[in-house]
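User: I would like to learn how to read the features of a structure, one at a time. Could you give me the general idea first and then the case at hand?

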Amino acid sequence: MVTFSSYRDSCPVVRNILILDSEGKRVAIKYYSDDWPTNSAKLAFEKSIFTKTQKTNARTEADITIFEGNIIVYKFVQDLHFFVTGGDDDNELILDSVLHGLCDAVGLILRNNVDKNEALENLDLILLCLDEIVDRGMILETEAAVIASKVSTISVDGSAPLSEQTISQALAMARDHLTRSLLS
């Protein structure tokens, strides 16, 4: 995990990114700070934030709340709830640009069919999307088209190095090679 004091003065940081379903259950999450040291603390935070925001109408545009000393920017898209958390002195506009980049990139990857089932079927691409946006709390990219193109390039390119492939891609490639060698 990252020590936030080392980055605090030089660049904005994200503490976590959460994608929850309409019941508050995890779909995809990434924590970048030690503010929630145990899994039970993370689950309690997720449940609390879901309960606090579920009555709001953040479907057309993002909403902002302060919760437990954190600024949380969130948006609901169909049956998924997207959350980006920063510190109480972080810039809301930067957190909002991360949220919009995430929502728009997921929309592009899922071909505007953003729902829980489609997200779970393409979970590897969504996790790659999170990795393209934030690394160890540092914001890398917020432009949805750039994020989606990087993720889809990795997923389409079977000749990508093994270290840059997802597990399902590597297994599919190994299965294809084995099938070809057995049929030859």
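Analyst: Let us begin with burial: a residue is called buried when its relative accessible area is under 20%, exposed when that area is over 50%, and partly exposed in between, using a 1.4 Å probe and protein chains only. In this predicted model, 41% of the 184 residues in the protein chain are buried. Because the model is predicted, local features need pLDDT of at least 70 and side-chain atom pairs count only at pLDDT 80 or more, whereas totals for chains, interfaces and linings use all residues. Residues are numbered from 1 along each chain as its sequence is written, and side-chain values use heavy atoms, with hydrogens and water left out.

User: What share of the contacts joins residues 24 or more positions apart?

Analyst: A contact means heavy atoms within 4.5 Å. Among contacts in the protein chain with a separation of 6 or more, 50% are between residues 24 or more positions apart.

User: How many disulfides does a search of the whole structure find?

Analyst: A disulfide is a covalent bond between the sulfur atoms of two cysteines, and the criterion here is a pair of cysteine sulfur atoms within 2.5 Å. The search of the whole structure finds zero disulfides. Cys103 is in none, and the nearest cysteine sulfur to its own, that of Cys129, lies 10.0 Å away. Cys103 is buried at a relative accessible area of 8%, and Cys129 is buried too, at 0%.

User: Where is Arg136, and is it buried or exposed?

Analyst: Arg136 is found in the loop between β6 (134-135) and β7 (138-139), and its relative accessible area of 59% makes Arg136 exposed. Its phi is near 55°, again a positive value in a residue other than glycine.

Terms used. Helix = DSSP H or I, 4+ residues; strand = E, 2+ residues; numbered from the N terminus.
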